[in-house]
Amino acid sequence: MTLPRLDTLVSYPAGALTSSGTVLHTEAVADGRRVVLLDNSACHPVDSAWPDQPADRATITVNGTVLDVLDCVVGATDGTALFLGAEVPVRKGTEGWAFVTAHLVDDALATEAGLVEGAEASLAVDADYRHALSVGHTACHLASLALNAELAGSWSKPASTDALDQPNFDALAIETSRIEERGSVDVYRVGKSLRKKGFAPARLVDDLGEVETGVDARLSAWVASGAAASIERDGDRLTDRRYWTTTLDGHAVSIPCGGTHVASLAELSAPQVTLHAQQSESALELRMTTRA
């Protein structure tokens, strides 16, 4: 059994929808599936450490046989065993570990196709689904920045700031984030710890409609600017740092991000958020649904 010693080379940050490579490792896993590791891949995997963007839909072709990629996850290996998704026991960058794009296919079909280590394979990503998720991820970033700006006056103490130098409510309160086709759903928690940091949730209780209107206005203006956007990266391997960049209100914006994005804000259409707040005994939960 041969396992990679280097992280997978990935081309999806540059927008690639196809790739060709060599099968480095393959093994049967549960539920009749087989994991396939390639030396390079255009397929965006879901990362269990922060599973906001779903995996791409894709196919792998080997020896003329087309195999559906049933799932694609971040995996890791220390050279002796392969761990997938939530089973990965170490953080990215841990010495002696390689982080890999793990493609899961039907075991029986892969065996029949002759998918073995050393085989040459090509990969193709569903372009429409990728674009819809990319729109959703870009909209998610814009909505979080707009929400931060709209709530900037709700802080009574200095707070860490976002890419536009506004108090970063999004980073400090986020519980979960889920990228969807042409949108996202973000859930925030305003509890005792956030209040102690100086955030007063009065506007989320009394003026939620006004907050929503303000967020929408910022989104509309940013999309109307048609600003270019891109992914800058420190390298081409899976764990190399990547940053989503654009220009908003004349300011250069850079946000660490491992997902995929559109090349222009003009690709978003009629962006709009819906805010819903619910008070429990211990905290206020805010749900922001973004559609673009």
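Me: Which residue takes a positive phi in the hairpin of β14 and β15?
Reply: It is Asp 249, with a phi near 50°, in a hairpin that leaves 2 residues between the strands. The model is predicted, with pLDDT of at least 70 needed for local features and 80 or more for side-chain atom pairs, while totals for chains, interfaces and linings use all residues. Residues are numbered from 1 along each chain as its sequence is written, and side-chain values use heavy atoms, without hydrogens and water.

Me: What makes β14 and β15 a pair?
Reply: Strands, which are DSSP E runs of at least two residues, numbered from the N terminus, pair if DSSP finds at least two bridges between them. Strand β14 (residues 242-248) and β15 are joined by 6 bridges in the antiparallel sense, and they therefore meet that condition. Within this pairing, Tyr 243 stands opposite Pro 256 in β15, and Thr 246 has Val 253 of β15 as its bridge partner.

Me: How do you know which strands lie at the edges of the open sheet?
Reply: The open sheet has 3 strands in the order β13-β14-β15, with antiparallel pairing. β13 and β15 are the edge strands, because each pairs on one side only. On the β13 side, 4 bridges join β13 to β14, and Glu 232 has Tyr 243 in β14 as its bridge partner. From one strand to the next the twist averages 35°.

Me: Why is β14 called largely enclosed?
Reply: A residue is buried when its relative accessible area is under 20%, exposed when over 50% and partly exposed in between, with a 1.4 Å probe and protein chains only. In β14, 5 of the 7 residues are buried, so the strand is largely enclosed by the rest of the structure. α2 lies across β14 and β15 and runs at about 60° to β14; contact means heavy atoms within 4.5 Å, and angles, on a scale from 0 to 180 degrees, are taken between N-to-C directions of axes fitted to C-alpha atoms.

Me: How many bridges join β17 to β12 and to β16?
Reply: Strand β12 (residues 183-190) is joined to β17 by 8 bridges, and strand β16 (residues 272-279) is also joined to β17 by 8 bridges, both pairings being antiparallel. Arg 291 of β17 is the bridge partner of Gly 183, and Gln 272 stands opposite Arg 291 as well. β16 and β17 form a hairpin with 4 residues between them.

Me: Which residues lie closest to the centre of the largest pocket?
Reply: The largest pocket has a volume of about 980 Å³. Of its 36 lining residues, which have an atom within 4 Å of a point on the 1 Å grid, Trp 50, Asp 52, Pro 256, Cys 257 and Gly 258 are the closest to its centre. A pocket is an open set of points where a 1.4 Å probe fits, with protein on both sides within 12 Å along at least five of seven lines. α2 gives the most to this lining, with 6 residues.

Conventions:
Grid points are joined across faces, edges and corners, and a volume is the space filled by probe spheres set on the points.
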